[in-house]
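Let's take a friendly walk through this structure, from its core to its loops. Have the sequence and the model open as you read.

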Amino acid sequence: QITTIEATTDGSDKVGAIVHAAWVKHDVAQCGYCQSGQIMSATAFLKALPRGRQPTTVEIDAAMAGNICRCGTYARIRTAVADAARALA
Ligand code: FES
């Protein structure tokens with residue numbers, strides 16, 4: 001099964017919608033080139049995380065390690081992932 005970024009806005013992926021909202025709230029995107037992959041990786045990470053457990057910065061960095069952002073939005077990505085985890089708790 002393949003899920004694309006559209007699932008975070010069409011109501012078919014509730015966790016993805018929360019992650020997407022955190023991205024907007026924290027103004028994560030700069031050029032936007034990497035952001036679909038970043039959001040989908042964050043969504044998969046938070047779905048696998050036990051509900052109610054707040055991830056550490058090390059865990060967030062490890063989960064997002066496969067995604068390169070040439071604009072260097074990593075600090076905002078960490079903040080958005082942590083905020084989405086709190087919203088899901
Ligand atoms: S926002 Fe530009 S590459 Fe990530």
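Which residues have the most contacts inside the largest nonpolar core?

## About the model

This is a predicted model, in which local features need pLDDT of at least 70, side-chain atom pairs count only at pLDDT 80 or more, and totals for chains, interfaces and linings use all residues. Residues are numbered from 1 along each chain as its sequence is written, and side-chain values use heavy atoms, with hydrogens and water left out.

## The nonpolar core

The answer is V19, W23, L46 and V81, within a core of 21 residues. Such a core is a set of buried Ala, Val, Leu, Ile, Met, Phe, Trp, Tyr and Cys residues joined through side-chain atoms within 4.5 Å; buried means under 20% relative accessible area, exposed over 50%, and partly exposed in between (1.4 Å probe, protein chains only).

Two or more residues come from each of α1, α2 (35–48) and α4 (74–88), with α4 giving the largest share, seven residues. Helices here are DSSP runs (H or I, at least four residues), numbered from the N terminus. Beyond its neighbours within four places in sequence, V19 is in contact (heavy atoms within 4.5 Å) with I39, A42, T43, L46 and A84.

## D13, ahead of α1

D13 sits in the segment before α1 (14–25) and is buried, at 7% relative accessible area. A polar atom of its side chain lies 3.2 Å from the backbone nitrogen of V15 and one lies 2.7 Å from that of G16. Setting aside neighbours within four places in sequence, D13 also contacts T3, A7, T8, T43 and K47.

## D27, in a loop

D27 belongs to the loop between α1 and α2. D27 is exposed, with a relative accessible area of 57%, and its phi is near 50 degrees, a positive value in a residue other than glycine.

Methods
Polar contact = N/O pair within 3.5 Å; in protein donor to acceptor, adjacent residues only side chain to side chain.
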